[in-house]
Amino acid sequence: MARVYNFSAGPSMLPEEVLRKAASEMLDYEGCGQSVMEMSHRSKEFDKIIKDAEALLRELMNIPDNYQVLFLQGGASAQFSAIPLNFMNGSGKADYIITGQWAKKAFTEAKKYGNAREVASSADKTFSYIPKTTRADFDPDADYVYICMNNTIYGTVYHELPDTGDIPLIADISSCFLSEPMDVTKFAMVYGGAQKNVAPAGLVIAIIRDDMLGKARDITPVMMNYQIMAENHSLYNTPPCYTIYICKLVLEWIKSLGGLEAMKERNEKKAKILYDFLDSSKMFHGTVVPEDRSLMNVPFVTDSDELNAKFIKEATAAGFVNLKGHRTVGGMRASIYNAMPIEGVEKLVAFMKEFEKNNG
Ligand SMILES: *Cc1c(COP(=O)(O)O)cnc(C)c1O
């Protein structure tokens, strides 16, 4: 069977080159007579894999030496609890901007541990925009300010970061990880689940500035204590070895294409094809204000639920899968992460044009 174009919000497509390389190394990884799935996480082969993955990530994202790179488990969702446990231990206060469900879930966790405050929200318009803030909106005493950088469900992204002054800024970058260059030094911590843009599910990567470590509450579960994970080079316990190996292959793939500048160019090209069509179509409309549109997740609707359902059904049959939108937005969503080829978006738009012609 031909491979489908998978527009899922996550887990999502992996580059075909990566899958082929992994397949070719499945039974015998570099002459050691076993697969990466089977080998010890303390073996010299795996030690090289995890170190290479970290080095590649540092190179691609230009991560300074005073930041730790941690390979963690529990999904992005586990960090919703780990972040307050590790950092909300000075004033016990933290400021959250609510730009969608993922930010809200993180906020809900933080409220269990201290004085978490909602600074701004775009809930009034179904999270279709990024709320504006100024430095005066933030509590200078807050232990950190928390944002969700790219809002996977609603298709918004911060093109400009909130000005938090000296307050440490923490961002969930799950759905825009490695999609374009980012200035890590603007953040005290960024982190993301790997299953959108980096690797299969099972891995979270956290990038944390050194001065943030060592503040965790005594009750912090050991598996959520970033300092302990850092001291043990992410090998406190058995890490998701195979996922880290695929992560390394994905990082090599990104590097081979020219790094994050090249990824950005490619992603902008893909997104433009889709947004240009949405802006010109009489049937399909984007749901996000143009200035906050994401490069990665593109929600869109028609004016009728029946037409949405018909479109999704026919698109699926034509090999464009997982286009159904999140239930809170309805309609459709095309997630066009790094691994989605340009021709996948071109063919989707051609299909949408044809659908509009036949159903208009
Ligand atoms: C997918 C996603 C999550 C949840 O990730 P899990 O690894 O399933 O916990 C959190 N935040 C964002 C922005 C996401 O896209």
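The C-alpha centres of domain 1 and domain 2 lie 27 Å apart. This is a predicted model, in which local features need pLDDT of at least 70 and side-chain atom pairs count only at pLDDT 80 or more, while totals for chains, interfaces and linings use all residues. Residues are numbered from 1 along each chain as its sequence is written, and side-chain values use heavy atoms, with hydrogens and water left out. The assignment gives domain 1 as 17-256 and domain 2 as 259-359; such bounds come from an automatic or database domain assignment.

**Domain interface**

- Contact involves 27 residues of domain 1 and 25 residues of domain 2 (contact means heavy atoms within 4.5 Å).
- About 2,200 Å² is buried between the two domains, and carbon and sulfur atoms give 56% of that area. Buried area is the accessible area (1.4 Å probe) that two parts lose on being put together, summed over both.
- The count of salt bridges between domain 1 and domain 2 is zero. A salt bridge needs a side-chain nitrogen of Lys or Arg within 4 Å of a carboxyl oxygen of Asp or Glu.
- Polar contacts across the interface number 13 residue pairs, both residues at pLDDT 80 or more. A polar contact is a pair of N or O atoms within 3.5 Å; within protein, one must be able to donate a hydrogen and the other to accept it, and residues adjacent in sequence count only if both atoms are side-chain atoms.
- On the domain 1 side, helix 2 (44-61), strand 7 (156-157) and helix 6 (241-257) each give two or more residues. Helix 6 gives the most, with three residues. Helices (H or I, at least four residues) and strands (E, at least two) are DSSP runs, numbered from the N terminus.
- By class, that side of domain 1 has 13 nonpolar, 11 polar and three charged residues. Ala, Val, Leu, Ile, Met, Phe, Trp, Tyr, Cys and Pro count as nonpolar, Asp, Glu, Lys and Arg as charged, and the others, Gly among them, as polar.

**Ligand surroundings**

- Of the 13 residues around the ligand, Ser77, Thr152, Asp172, Gln195 and Lys196 come nearest (one heavy atom within 4 Å is the criterion).
- Ligand oxygen atoms lie 2.6 Å from a side-chain N or O atom of Ser77 and 2.4 Å from one of Thr152.
- At Asp172, a side-chain N or O atom is 2.6 Å from a ligand nitrogen.

**Salt bridges**

- The structure holds 21 salt bridges.
- One pairs Arg3 with Glu16, the closest N and O atoms being 3.7 Å apart. Arg3 lies in the segment before strand 1 (5-6) and Glu16 in helix 1 (residues 16-24), so the pair ties together parts 13 residues apart in sequence.

**Backbone features**

- Gly10 and Pro11 are joined by a cis peptide bond, with omega about -10°. Pro11 sits in the loop between strand 1 and helix 1.
- Ser234, a residue other than glycine, has a positive phi near 65°. Ser234 is in the loop between helix 5 (226-231) and helix 6.
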